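This report walks through selected parts of one structure. Please look over the sequence and the model before reading on.

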Amino acid sequence: MHKKKSITVLLMLLVFVLFPLHALAVDYTISEVTIDAQVNADGTVDVVEHHTYEFDGEFNGITREIVAKEGTSIQSFSGLENGKELKTERDGDVYKVFRQGEDETITIELRYQIQSAIQKYEDGAEFYWPFFDDRNESAYEQMTVTVLPPAPSEDTAFLGYEEAYQTGSLQDEGSVRFDMNTVPEGSNGDVRVIFDPALFPAIPEQDGMIRKELAKEAERLEDEAIIFAARQGTGAAIGNGLIPAAGAFLLALTAWAWNRARKTKQQAQPANGDFFVPKQKMSIPATLYFTKSAILTPPVTAAALMELVRKKNVEQLLEEQFRLLDRHTEHDHEARLIELLFDKIGDGEHFMTQDLESYTKNELNHSSYNDSIAAWQQGVAEEVKQQDLYGKHPVLRWTTGLIGLALFAATIFFGIFNLLPLMFFSLIIGICFVAFCFYSPITFEGHVIRQEWKQLRIAMENLDASEWNRLTQDEKMRAYAYVLGTDEKSANRNTQSFTNAYSQSAFADMGVFYNPVLLTGIFIAANSTTSASASGTGSMPAGGVGGGGGGSGAF
């Protein structure tokens, strides 16, 4: 049966999509495993295994987990290569075989004996064993298990489960070989072989007819296989119609969303290319947050300070000195910035740029500074959120979310029935539908704001003095603060050019002394100092039949 294999593949795919892969300490594949189990007349079984490993990189050896069934035990374990015995260690059910090397293909021979492995009944003696189970962490690319009787057996019966199902074949003298081919990690594959009871004269006989039980088990597995095949066919028929339809709907939905956003953006373009300063719809920090980046850089903090000057909450006395005039602010984030600059750093009434440098040099203040900046940034984000500049589309979100969840359920269904291509596409398309739950396109008003401020920023790079002088003082200060906050490089270059060309005539009568290099520089230095401190001091906080089974690995 392939249920276990399909579920394993599904889980691996989900992990691959949702989580990063962890690098393994040893990189290897197990290209071939052959197991010969020689059943003895006294009820013991001598097992000889050959494991072929292909290593990529350095290695120290291999591991083999052998979990004995209840009532049995493992004895006389040894590891060899080309007839030479290797060092082995046992840790519980895990055996280590030491063999160092690098970039090699090796074949290790393992030998051990299973004690009390045979159960004798009136009509047969049974060997029922899991050579691997769902605890196995390694895949076998080619696996063969052969069970041999102590002497020729005339009436051998056998059955394989899960990975071993329908892989067995009767060989000479009554032995049985299970050709399982590829065995995925985390899968089961018990083998069950019944030999003539007369071959085991020393083993006590138990009541019951084991061959009838085996026949019932074979019939049960066959019935399950028929039901599985029927459901698999039904699932394939449904999936072959459902998945293409879902994919087509997803493409149509994506095209609709893209075209709608494109048209809205085109409609929001300014009617003409004349230079103007957009109307005040949000504070300058919030405008920068929305039009440039949700990461508020130190130049945005400098622009926020100049915004307080424009609103007459703060008076600029000199290039490096500011005085608090009014604590009543329009926005909460403005009050938080005043608290940081004038209360924590300044003396409650005055703030000087050198005060910020002295404050952040003290490592004891770094946490407080970063907390205040984070609170200010959160306040800016809240102002933008209150403007409803992103569409909600609740019906679309709920619809696509439910479709995505339905496709996830279909993914599990397809995985159970080994419909791997349908499982894969169902998962991918389902993820895309769920992504639409976060669909929040910018509204027409939002695009207008973005386009207007973008036009301003471009125009100010080569602005004529006559156009600048036609602006009101309030417009000049808003435009200047916006460009100041765009980013470190462009702000310093552009605003410095405006300072040299226009500031003396533009702002002299308002008592404003713009120095973009100074303003941005002090906040960049403060951010760099406190960030370095923060980064330097942080800390990072089943089995097979009868409980038996095991697996393989390397170290």
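Which element gives the most to the lining of the second largest pocket? Helix H7 does, with three residues.

## Basis of the model

The model is predicted: local features need pLDDT of at least 70, side-chain atom pairs count only at pLDDT 80 or more, and totals for chains, interfaces and linings use all residues. Residues are numbered from 1 along each chain as its sequence is written, and side-chain values use heavy atoms, with hydrogens and water left out.

## The second largest pocket

The second largest pocket has a volume of about 210 Å³. Its lining has 13 residues, and those closest to the centre are Ala-381, Val-384, Lys-385, Leu-389 and Tyr-390. Two or more lining residues come from each of helix H3 (284-291) and helix H7 (366-385). By type, the lining holds six nonpolar, two polar and five charged residues.

A pocket is defined on a 1 Å grid over the protein atoms alone, as an open set of points where a 1.4 Å probe fits, with protein on both sides within 12 Å along at least five of seven lines; lining residues have an atom within 4 Å of a point. Volume is the space filled by probe spheres set on the points, which are joined across faces, edges and corners. Ala, Val, Leu, Ile, Met, Phe, Trp, Tyr, Cys and Pro count as nonpolar, Asp, Glu, Lys and Arg as charged, and the others, Gly among them, as polar.

## Strands

Strand E1 (residues 27-39) runs antiparallel to strand E2 (residues 45-56), joined by 12 bridges. Tyr-28 stands opposite Phe-55 in E2. Five residues lie between the strands of this hairpin, where Gly-43 takes a positive phi near 95°. E1 is also joined to strand E11 (residues 140-148), by seven bridges and in parallel; there Val-33 has Met-143 as its bridge partner.

Strand E9 (residues 118-121) and strand E10 (residues 124-129) are antiparallel, with four bridges. They form a hairpin with two residues between them, and Lys-120 stands opposite Ala-125 in E10. Strands pair if DSSP finds at least two bridges between them; helices (H or I, at least four residues) and strands (E, at least two) are DSSP runs, numbered from the N terminus.

## Helix H5

Helix H5 (residues 332-345) has 14 residues and reaches 19 Å from first to last C-alpha, close to the expected 20 Å (1.5 Å times one less than the number of residues). H5 bends by about 30° at Glu-339, the angle being taken between axes fitted to the seven residues ending there and the seven starting there.

Buried residues (under 20% relative accessible area, 1.4 Å probe, protein chains only) in H5 include His-333, Leu-337, Leu-341 and Ile-345.

Methods
Buried means under 20% relative accessible area, exposed over 50%, partly exposed in between (1.4 Å probe, protein chains only).
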